[in-house]
Amino acid sequence: MSAEPTKGDDMDDGVGGDEKPSFFAGRGDQLEEIALDVGLVILFVVVIRNVRTLPDIAQWFPEFTVYTGFLIVGVKLIGDLLALRRPPKVTDKSSRFL
Amino acid sequence: VELLDAAWMGLQQLATPQTFLFLLAGVGVGMLTGLLPGLGGAVGMALLLPFIYGVEPASAIAMLVGIMAVNNTSDTFTAILLGVPGSNSSQATIMDGYPMARRGEGARALGAALFGSMVGGIIGAIGLVALIPIAEPMILSLESPELLMLMLIGVATVGVLSGSKPLAGLLSACLGLLLGAVGPAPAGPARFIVHDWTYLRQGISVVVVVMGLYAIPELINLLKDRIPVARGNPLVKGGLVQGIRDVWRNKILVFFASVYAICAGVIPGLSGAAVSWTAYAGAKTLCRDTKNFGKGDVRGVIAPDSCNNAMEGGQLVPIMMFGIPGSASGAILLGGLFLVGVEPGPKMVQGDGLVLLLVTAFSVALANIFATALCMGGASWIARISTLSPGRLVPGILLIVVFAAWQVSTQWDDLYLLLIIGVLGMILYRRGWPRAPMLIAFVLGSKIEAKLRISIDRYEWTWLHDTRVLVLAVVLGLVILGGILVSIREMRESRNRPESDEREDALPTFELEKESELREASVLYWFAWFLGLLLMVALLGMPLGGAIWLAAFLLYEVHCHWRVVLLYLIGYAAVSWSVVHFIGAELPTNWFAR
């Protein structure tokens, strides 16, 4: 069974007709997830830069948390990027959010 | 003997008028939030959290435990009569309860569910007390390094088990730990991650985090989705007694479902929905003559409902004895205990702590009895309330949220922070990331850091070589590794899986009022209403700005008649006046007057 979007399917980006579907069509969920992962990476970087300025043992706990977070978000981000190779979802409802 | 003495003292504390009234208030709010689909127990607890400042610990425990204990009792009404789960825990009840209601046996199903809930709740309370002598030696032998590892395991387990995205759950827990690290470091002058926002130097209040993570996303979601309600009044006629007889006839099923739920409740992160579904499946497998299961068999109602309420007793074991919550409502309870100066953990099995632990157990039992009596006595009226659209309550609840956040330090910064955490909560909600791990990690964050500090100060790094710590570290590693492996497997499987919409509702049947009445306005649209509320309060202060916003919302969005709006405004004025004059609280003033 092919999950490829076909002409006339309920695409969220208004792609249809004879045009070739855009890469982004039906990938709203995946892109939102990747955006959230990247946002977290940026947040962790900001936190680690602030924590580094702290003296002594007080910085260990947030540092440990941030490095654990980096590890997990790294694995997740790789997974989410690999998932982009999958055919897009034709029933993506992302457009209802905004 | 010590247990009996403590039990007697606990009963005396619970019998004071103040504690008793707080328990009843908790039962009332818990029933209301359970009754209205979309408003969970966590939201109810969040709304009452600001009112426990300065209250006696026994009263605060009675109120918060009262909400927790009965939330799963009243959610049965909508599940059985309308086929709409009042909360996730009542999903399994629909399977047989709703078919029974459709063939005219709604009252019997309700009677069985309510009485089963009460018996389950009482068994849960007995289980909590019975576990005290068993857990006591273990708890007392634990020192800071072991407690540190247990807390980390608790946070990681909740992260992996809650929701369907283990990695997202773990990340959510990391975010919670970072939020908890904002403010002063334990036993040290350093300030974490505060940059130059001086307001954050004292740390972030649990009230603002709970409101932002739970109340705001749930309320906006209620507005956005407009949860469907049934038309008419599903009148309850007779048959309740027959339901009670059914429970008596199936007492062994009730007992086993309750004991199973207590054991499952002890494990952090297992949701009420998962436990009640497994109880349902267990009943279907173990009972004789199961051909009617799914078509209206009363045993399919009794098993999940008795299980739901018994689970609360099990959930209280790690919260009260180890200080490790396993769910969002457990984290709010723990946050509430910290607010009134009670520190759960080893202190709870001795002296005054033991008395409070027994107050908790008695509160669970009494709350269940009160809730069942109220539900059975006023079944017909409560059934009518269950047909109310929860969207109508949203404006009033949003005003309470703003007021509650303001009480933290009566500064505008409270509301800014509420807005920031509310946006974060919405994003997590939208993406299906579990919020419970974040809340639990936030509540435990400062405790985890304090235990780390104490362990290092007392034992330097030698505590890492201790056998018990090593075993716990291996368990922690396995939990995190398990979460990562499960996520990787999910990703691989989903790549090969045929197209399906993961967000489709898995529940069976919902009776919709009118398809056209379900609005699909965007989240941003509803968020704009919330921003509008803050703007009005900023410009005109809470009394006037809130009233104008309320009137505009009720007229424009809810399409209320002007008389209803007038009544709502009179109620708002009366509540605001009472809060200022009787409680002595402050309402948000306009931004220019700060």
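Is Asp96(B) buried or exposed? Asp96(B) is buried, at a relative accessible area of 0%; for us, buried is under 20% relative accessible area, exposed is over 50%, and partly exposed is in between, with a 1.4 Å probe and protein chains only.

Okay, quick housekeeping. What you see is a predicted model, where local features need pLDDT of at least 70, side-chain atom pairs count only at pLDDT 80 or more, and totals for chains, interfaces and linings use all residues. Residues are numbered from 1 along each chain as its sequence is written, chains are lettered from A and ligands numbered from 1 in the order in which they are written, and side-chain values use heavy atoms, leaving out hydrogens and water.

Back to Asp96(B). Helices here are DSSP runs of H or I with at least four residues, strands are E runs of at least two, and both are numbered from the N terminus. Leaving aside residues up to four places away in sequence, Asp96(B) touches a set that includes Tyr280(B), Asn292(B), Phe293(B), Lys295(B) and Asp297(B), where contact means heavy atoms within 4.5 Å.

Now zoom out. Chain B has 22 helices and two strands, and 58% of its 594 residues are buried. Of the chain B contacts with a separation of 6 or more, 81% are between residues 24 or more positions apart.

Next, the surface. Leu535(B), Leu539(B), Leu540(B), Leu544(B) and Ile548(B) make a nonpolar patch with about 440 Å² of accessible area together. Areas are Shrake-Rupley with a 1.4 Å probe, and for residues only the protein chains shown count as cover. Patch members have over 30% relative accessible area and no salt bridge; like charges are joined within 9 Å, and nonpolar side chains (Val, Leu, Ile, Met, Phe, Trp, Tyr) within 5 Å. A salt bridge, by the way, is a side-chain nitrogen of Lys or Arg within 4 Å of a carboxyl oxygen of Asp or Glu. Leu539(B) sits in helix α21, residues 523-556, and is partly exposed at 44%.

Last stop, cysteines. Cys263(B) is partly exposed at 49% relative accessibility, while Cys307(B) is buried at 0%.

That's my tour, thanks!
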